[in-house]
There are 4 protein chains.
Amino acid sequence: MSLSTDVNATITSLRHEVCALHAELTRYQLVIWTAGNVSARVPDRDLMVIKPSGVSYDDLTPENMVLCDLHGRVLEGEHAPSSDTDAQAYVYRQMPHVGGVVHTHSTYATAWASRGEAIPCALTMQADEFGGEIPVGPFALIGDDSIGRGIVETLTASRSAAVLMKQHGVFTIGKDARSAVKAAVMCEDVARTVHIARQLGEPIRIEPTDVDSLFDRYQNVYGQKDNR
Amino acid sequence: MSLSTDVNATITSLRHEVCALHAELTRYQLVIWTAGNVSARVPDRDLMVIKPSGVSYDDLTPENMVLCDLHGRVLEGEHAPSSDTDAQAYVYRQMPHVGGVVHTHSTYATAWASRGEAIPCALTMQADEFGGEIPVGPFALIGDDSIGRGIVETLTASRSAAVLMKQHGVFTIGKDARSAVKAAVMCEDVARTVHIARQLGEPIRIEPTDVDSLFDRYQNVYGQKDNR
Amino acid sequence: MSLSTDVNATITSLRHEVCALHAELTRYQLVIWTAGNVSARVPDRDLMVIKPSGVSYDDLTPENMVLCDLHGRVLEGEHAPSSDTDAQAYVYRQMPHVGGVVHTHSTYATAWASRGEAIPCALTMQADEFGGEIPVGPFALIGDDSIGRGIVETLTASRSAAVLMKQHGVFTIGKDARSAVKAAVMCEDVARTVHIARQLGEPIRIEPTDVDSLFDRYQNVYGQKDNR
Amino acid sequence: MSLSTDVNATITSLRHEVCALHAELTRYQLVIWTAGNVSARVPDRDLMVIKPSGVSYDDLTPENMVLCDLHGRVLEGEHAPSSDTDAQAYVYRQMPHVGGVVHTHSTYATAWASRGEAIPCALTMQADEFGGEIPVGPFALIGDDSIGRGIVETLTASRSAAVLMKQHGVFTIGKDARSAVKAAVMCEDVARTVHIARQLGEPIRIEPTDVDSLFDRYQNVYGQKDNR
């Protein structure tokens, strides 16, 4: 495939970013062995960069990240792409504002998923980041578009950047790969804290108007202008 | 702003101290991503040094700490200060003996907070450090003085150096930033241990006279003379 | 003992591999102190390489790994072999397709074992890796073949690569030592996630036909061709 | 104080050992801040080496370990000794076979302690290391011999090397400081695993005759001859 110099520079930069972001997944213990991955859309192109399948986090390099089109076909890379590539490619095809996708089986979020239960909004940081409860998507087998479709349908019906796929794990989205990783980190933290709260009683839901006000402020005001 | 050489030396020293203390928050896993912060009062000045907003712990330097007045207005620093600056400034204005403030969403303490439940005093180390139960403060939205007011009213009515702000997280105070960080570390440890104790039965409250005797000894005798 | 040059090269290589794999046990906190071990069969020989007994993980070297025959008799090594050598040797004698064995007391898996309860299959990654529930083996005292026999009988009656030995801990098998370590890591992750799910309700079992389809795909398609 | 050259060499060696062993307490997350300590008896002398009070684990050096007599009086050292020195000195005075003592508030063991509940023997590794249940000692205030007396009375009536002091934390003993640290690590692991087992049902007690047989074997056979 022949790509312009500019696009190649962008892809190289995304290879470095996607590779480096996997270290956040291990730092926050969201993944074990090879079971979780990050991808990024190449802006304005029908392309994505994603983790190779079955390769240990210690062995990831910018060079072994895989470049695919948005149907999961490999364009550059000696390795097979993550087995979640089809699901993530589907998300990029259907949700043009999404620039990054993350998949984990992080413990507490996956525990909610295995009961098929959404996480109620009982923490200000959950209102800030997710704008309400974190929803559950359908059970789906790997192999066709059903995982991708489940993700897109669930997230389209919600303000949340995270979905708990039933009996499976978590998918998060963001405007770029870093935002999607942040959502994965926050999702597990919220899942854990609300789980622990519920072990000894009932966490108190935040009033919907307060949820709205927290979500609006956080999405529009928080952080440095260049670091949202 | 023109400050004397002495004050500038103090501020430089506090920039280093406040920056370095954030490493204790990550070491003890009290924070994720950018969600937690430390501040210090500049002694005898209406000034404070605090973490910049939305900056990763890996990227903190003494130089990017932000110097504010006690109404949260930035005096030195290219970054916006923590979104918790107004709350912490309010604490410094109202509680002159406080030299440091810490905010976290540490998991177990926040779980108690999300149920709106104080932590009963069932451990000698809790009596030592907090002098009794760790109290709950009100639910409050960010944006005006309500968080600060909730912290000050709750801590004024208690011997505790930590308050669980309802559905939100933890604020701790100390004579300096290091003491406030210690209180944040101890608060999570107590919150976790008492939670786990209660999962299988009822932790036994320590008798109030024993709590008093433990608190008095610890506050007056423990540790090296220069390292309390 | 006189071994050919080729076999000696294989043994040296296995000493390095077995030694290095112990770092995965500590990385994922599956073991404490000296309580857990990895072994590998020497292909096509009635020999195995195993951790020395009572030696700290920090002090392991390829050289202090112990070479035994498949009755646990030491052929090379100044240290006594792991006290689990007899059990693992029994597994190699009875299950010729097994190239690696791992033993841990990882927390959540051992908690299921102490209740004598199998882990129901409620997660797609459990279906992928274990093909169904993770079964319980009998209580057995150390000192004769009863532990080994319990492992073999339980694993022979199951697709699982992991067995929870009652009131004791976990044994896992694989085509090589790395696969057995992976199974030990996945077993604890599954044990933890399903435990946490069940704390607040009932995890939903995956339908047997879906378990079969997930297991078949994962065992035959997943990962790089040379990295399964 | 004038000590012979031999004794000075022994003391120097114990300063290094006691200092280094604190790294095992932090590695296994048995302690936070400065809240836990290791001591060693100087063999054949009425002396002990112990952690200084209120000093961070990062700042420990062989030189700042404190040398005391067995009534807690400082013989060498610029720092005050641990506030637990009196309790540990009492143990050395009353139990001549004890060469090391460790104190922690490790989370799960302290949770059992806060309910005043012994840990039932439901794991082979607990039978191996502790020879049965881990017992509870009385609630005792710091300041006289009551903590030390509670430890000694409880451990004298048991085979266990660990005691859960009610509403307080854990003390462990050993033939030397390393053995006492090992007991502290194993105690928390057992406390955690049995706690988690009991969250979802009842862990099955091991039969007393099996406990005896496991304890005898482990105390007499396990490990390298020079590494028990």
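Just after helix α6 of chain C, C:G201 takes a positive phi of about 155°. This is a predicted model, in which local features need pLDDT of at least 70 and side-chain atom pairs count only at pLDDT 80 or more, while totals for chains, interfaces and linings use all residues. Residues are numbered from 1 along each chain as its sequence is written.

Helix α6(C) covers residues 177-199; helices are DSSP runs of H or I with at least four residues, and strands are runs of E with at least two, numbered from the N terminus. Of its 23 residues, 20 are buried, so α6(C) is largely enclosed by the rest of the structure. Buried here means under 20% relative accessible area with a 1.4 Å probe, protein chains only.

In chain B, 8 strands form an open sheet of mixed pairing, in the order β4-β3-β2-β1-β5-β8-β7-β6. Two strands pair if DSSP finds at least two bridges between them. β4 and β6 of chain B stand at the edges with a single partner strand each, so one side of each is left without a neighbour in the sheet. Strands β1 and β5 of chain B run antiparallel and are joined by 5 bridges.

| Strand | Residues |
|---|---|
| β1(B) | 36-42 |
| β5(B) | 100-104 |
| β4(B) | 74-76 |
| β6(B) | 136-137 |

Chains D and B bury about 2900 Å² between them, counted as the accessible area (1.4 Å probe) that two parts lose on being put together, summed over both. In chain D, D:I32, D:W33 and D:Q167 lose the most area to chain B.

How values were computed
Chains lettered and ligands numbered in written order. Heavy atoms only, no water. Expected span 1.5 Å × (residues − 1). Buried < 20%, exposed > 50% of the residue type's maximum accessible area, 1.4 Å probe, protein only.
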